[in-house]
Amino acid sequence: MNNKVILKDPAFDQSKIFQKVIELDRGRSIVDNPSAMDIQNFKLVEEKNSASETRGSITVSGLNRTGSTIREGKEDLHIIGFFNQTVEMDADFASVDIPDRKRPKVNQEGHVSQSLSYLKINDPLQYILAAGRTLKTKNERK
């Protein structure tokens with residue numbers, strides 16, 4: 001429905017695929033509200049060339065369902081591209097070499113969109129996973 005599938009199978013939560021994603025998701029340790037946004041839809045655009053390269057972009061939109069405004073810096077519409085051999089996702093908080101992305105204020109019942117771009121060689125996309133959550137700010141983590 002609306003270009004999304006909601007998995008309610010507890011077996012998927014225990015699958016090797018999902019456990020690999022959980023292991024790679026550094027943001028899970030600073031999640032404030034794991035279900036702050038309802039994933040509304042997604043758009044996938046891929047172009048393949050003769051060198052077996054695939055350039056793609058996944059755009060997901062979410063609806064704030066917290067009942068209040070999500071403050072700037074807390075939004076985490078988190079996209080995970082799970083490929084046959086690799087996983088792509090945005091960084092959930094700044095590190096030495098990866099700056100934190102801008103996290104906009106999301107008004108009550110407001111929408112937010114996020115995109116993830118990738119370039120792959122012989123590594124087809126298998127799953128698109130998205131989490132509409134909020135993160136603890138740097139001050140809240142102290």
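## Overall organisation

Of the contacts in the protein with a separation of 6 or more, 77% are accounted for by residues 24 or more positions apart, a contact being heavy atoms within 4.5 Å. This is a predicted model, in which local features need pLDDT of at least 70 and side-chain atom pairs count only at pLDDT 80 or more, while totals for chains, interfaces and linings use all residues. Residues are numbered from 1 along each chain as its sequence is written, and side-chain values use heavy atoms, with hydrogens and water left out.

The protein has 2 helices and 7 strands, arranged along the sequence as α-α-β-β-β-β-β-β-β; helices (H or I, at least four residues) and strands (E, at least two) are DSSP runs numbered from the N terminus. Of its 142 residues, 33% count as buried, that is, under 20% relative accessible area with a 1.4 Å probe and protein chains only, where exposed means over 50% and partly exposed in between.

Beyond its neighbours within four places in sequence, Val60 is in contact with residues including Ile39, Phe42, Leu77, Ile79, Val112 and Ala130.

## Strand 6 and its partners

In a regular strand the side chains alternate between the two faces of the sheet. Strand 6 runs antiparallel to strand 3, joined to it by 11 bridges, where pairing requires at least two DSSP bridges; Lys120 is the bridge partner of Thr54.

Phe83 and Tyr118, both buried, form an edge-to-face aromatic pair, 4.8 Å centre to centre with 65 degrees between the planes; ring centres of Phe, Tyr and Trp (its six-membered ring) must lie within 6.5 Å, with planes under 30 degrees apart counted as stacked, over 60 as edge-to-face and the rest as tilted. Because Phe83 lies in strand 4 and Tyr118 in strand 6, the pair ties together parts that are 35 residues apart in sequence.
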